[in-house]
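The sequence and the structure are just below, so please open them side by side before you read on.

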Amino acid sequence: MLFTSSGNYQLDQFLSTEANVLRSFFSVNPSFFLYDDTGSPNARAFPVAQLPQYPDGTVVLGKTYFNMMYNFAQNVTVVPVTMAHEYGHIVDYKYHVIQANGMYAELFADFMAGAFLYYRSVLTPTDVYNNLNWFYSIGDYAGVNDPGHHGTPQQRLAAAMAGYNWLKTNAYPGINVTQAIPAAKAFLGIP
Ligand SMILES: [Zn+2]
């Protein structure tokens with residue numbers, strides 16, 4: 001069940017603006033929806049498009065997960081950066097970077113979200129500290145061969161910081177986030 005409205009006009013405006021900023025930053029065009037994630041708080045990205053005007057797939061944000069992020073930081077700062085992680089998955093799907101679910105796909109998306117965190121911090125006052133803490137908080141200690149393992153807290157923080165520092169070093173006019181793909185692969189140590 002997908003929703004286009006949270007029921008709160010200001011929040012809808014915020015999410016819609018952020019979705020457009022992310023489409024532009026990542027050069028991808030997925031649709032964006034809210035969904036009922038009661039019992040399994042999450043945000044997700046899918047390669048399948050729901051709407052023809054948004055051909056690059058679908059990003060969904062759970063209402064419970066939104067509340068968790070809000071409670072974590074006491075403001076909405078983590079929400080755009082978590083959305084950026086999902087757009088990072090869309091970049092992966094569109095440019096066939098990792099081509100497998102699991103830890104490398106998650107750390108790639110964290111790298112991309114970290115690059116966005118730097119971009120956002122230049123555009124608008126941004127709580128970088130709470131955002132980096134969030135990446136640490138979503139890490140897990142499942143076994144490396146467990147498909148549910150998405151990286152330890154240390155790995156997730158390191159990937160986000162590597163993306164942040166990549167854009168900070170490469171933030172010249174005309175830079176395109178697709179140019180971060182080779183840097184992200186080098187960081188992850190994958191061909
Ligand atoms: Zn992910």
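**What I found**

The largest nonpolar core is made of 54 residues, and Phe 26, Leu 61 and Phe 108 have the most contacts inside it. Helix H4 (residues 103–123) gives this core its largest share, 11 residues. Please keep in mind that this is a predicted model.

Apart from its neighbours within four places in sequence, Phe 108 is in contact with Gly 88, Val 91, Asp 92, Val 97, Ile 98, Ile 181, Ala 184 and Leu 188.

The site links distant parts of the chain, since His 85 is in helix H3 (residues 78–95) and Glu 106 is in helix H4, 21 residues apart. Both His 85 and Glu 106 are buried.

His 89 lies in helix H3. His 89 counts as buried because its relative accessible area is 6%, and the cut-off for buried is under 20%. Its side chain makes a polar contact of 3.0 Å with the side chain of His 85. Leaving out residues within four places in sequence, His 89 is in contact with Ala 45, Ala 105, Glu 106 and Ala 109.

**The largest pocket**

Now look at the open space. The largest pocket holds about 620 Å³. It is lined by 30 residues, and the closest to its centre are His 85, Glu 86, His 89, Glu 106 and His 150. Strand E3 (43–46), H3, H4 and helix H5 (128–137) each give two or more residues to this lining. H3 provides the largest share of the lining, with 8 residues.

*Thr 58.* You will find Thr 58 in strand E4 (residues 58–62). Is Thr 58 buried or exposed? Thr 58 is buried, because its relative accessible area is 2%. The side chain of Thr 58 reaches the backbone oxygen of Val 48 at 2.7 Å. Beyond its neighbours within four places in sequence, Thr 58 has contacts that include Pro 30, Ser 31, Phe 33, Phe 46 and Ile 90.

*Phe 46.* This residue sits in strand E3. Phe 46 has a relative accessibility of 33%, so Phe 46 counts as partly exposed. Setting aside neighbours within four places in sequence, Phe 46 is in contact with Gly 57, Thr 58, Val 60, Ile 90 and Tyr 93. From C-alpha to C-alpha, Phe 46 and Tyr 65 are 17 Å apart in space, and they are 19 residues apart in sequence.

*Tyr 65.* Helix H2 (residues 63–73) is where Tyr 65 is placed. Tyr 65 counts as buried because its relative accessibility is 11%. Not counting residues up to four places away in sequence, Tyr 65 touches Asp 37, Pro 41, Asn 42, Ala 43, Thr 82, Trp 134 and Ile 138. Asn 20 is 45 residues from Tyr 65 along the chain, and their C-alpha atoms are separated by 20 Å.

Technical notes. Residues numbered from 1 in each chain as written. Predicted model: local features only at pLDDT ≥ 70, side-chain atom pairs only at ≥ 80, totals over all residues. Heavy atoms only, no water. Core = buried A, V, L, I, M, F, W, Y, C linked by side-chain atoms within 4.5 Å. Buried < 20%, exposed > 50% of the residue type's maximum accessible area, 1.4 Å probe, protein only. Helix = DSSP H or I, 4+ residues; strand = E, 2+ residues; numbered from the N terminus. Contact = heavy atoms within 4.5 Å. Polar contact = N/O pair within 3.5 Å; in protein donor to acceptor, adjacent residues only side chain to side chain. 1 Å grid on protein atoms, 1.4 Å probe; cavity = no way out; pocket = protein on both sides within 12 Å on 5 of 7 lines; lining within 4 Å. Points joined across faces, edges and corners; volume = space filled by probe spheres on them.
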